[in-house]
Amino acid sequence: MEGGSGDSKRMTSSAGPSFEAIGPWSSDSKVALACSGGADSTFLALKWLDFARSLGGQAPPAIVWVVDHGHRTGSAEEARKAKAIYLKMGLEAHILQAHREEKPPKGESGLRELRYGLFAKAAIEGDVSVILTAHHADDQAETVLLRILRGTGLRGLAGIPERRWLTEFEMPDVEIRRPLLKCRGAQIRKYLSQVGQNWIEDPTNIDSRAAVRNFLRHDVFPLLAASSPADPISSFLKLADEAQSWREWVGKGFLEDGQDWLADWEHLPSVLRREGIAEILRRNQHVVSRRRVMDLEGALLNNRSASVDEIDRICIAKGRLRLERRSDPQKRR
């Protein structure tokens, strides 16, 4: 089934994929494209082929992963149809399948956890160091709005990062990169229609009751567009860009040669103390979560030192945060 969609009347021009900006790309590494057969990931595959051709012999080898979550009737057949799309493009493609004996995951978070768990396993088996996903600008705007509704802080307003390490599955050497975050969904579909490229439309994506994101996409954002003088997607993207710039600027302040006013960590506002902890964790490829950052903040305020894991700990030195590696991993503070 081929999908399609018209452009929003106030939709701003989108940028193209940012493959160059999220490099470097080494011919010694291997890249996996996470694709579902949908419009967004099919666009990702086409644009990756264009980019790989532009690199000539320096392009890294690429493989497509299609996930069969096994969460509904017909998922296996949909995965096979999706795989066929990418094989026809000339890409190597494989289906990553959930164990049938396990209980199918429920909800967006359950499906995501299953999907990334399969990615981590396949990355080890296939010696993959970079995974590309097809999150685009509309996904970014939905993420920011969702986080606002759930009570996010300033850090959460930055939305989906363009690149991050797969640390939650103990894969610190595998990087997730998202080259489509500046591309608009409607323009992606318009491009595919213009070049005659079919895609598979997931029937659950058009049901507003199937997921919160669907409700935002089909009901909330059109209502905002009809009642707002500006394009709401662009407004949320601007907010995400500014929040990301704030994070990056503040993060640099926690380097040893950073801003002087960040040198007294204990007397900073809590939002900045927590951002410093998150920056230290990210820089050293540790998992960052709201609960973990809060716990570390409390421990540092009480003890001036906090355990990250069996090897690393964070301490306060001359007013700044510093991550130290224990000489004796058996000793924990």
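1. Over which residues does pLDDT stay under 50? Over residues 1-13. pLDDT is the predictor's confidence in each residue, from 0 to 100. For residues 1-13 the model still has 34 contacts beyond four places in sequence. Contact means heavy atoms within 4.5 Å.

2. This is a predicted model, where local features need pLDDT of at least 70, side-chain atom pairs count only at pLDDT 80 or more, and totals for chains, interfaces and linings use all residues. Residues are numbered from 1 along each chain as its sequence is written, and side-chain values use heavy atoms, with hydrogens and water left out. The protein chain averages a pLDDT of 87. A score of at least 70 is reached by 89% of the residues.

3. Look at tryptophan 25. Beyond its neighbours within four places in sequence, its contacts include Trp48, Phe51, Leu55 and Leu132.

4. Helices here are DSSP runs (H or I, at least four residues), numbered from the N terminus. At 1.5 Å a residue, helix 1 should span 24 Å, and its end C-alpha atoms are 25 Å apart, which agrees. The expected span is 1.5 Å times one less than the number of residues. Just after helix 1, glycine 56 takes a positive phi of about 60 degrees.

How values were computed. Helix = DSSP H or I, 4+ residues; strand = E, 2+ residues; numbered from the N terminus.
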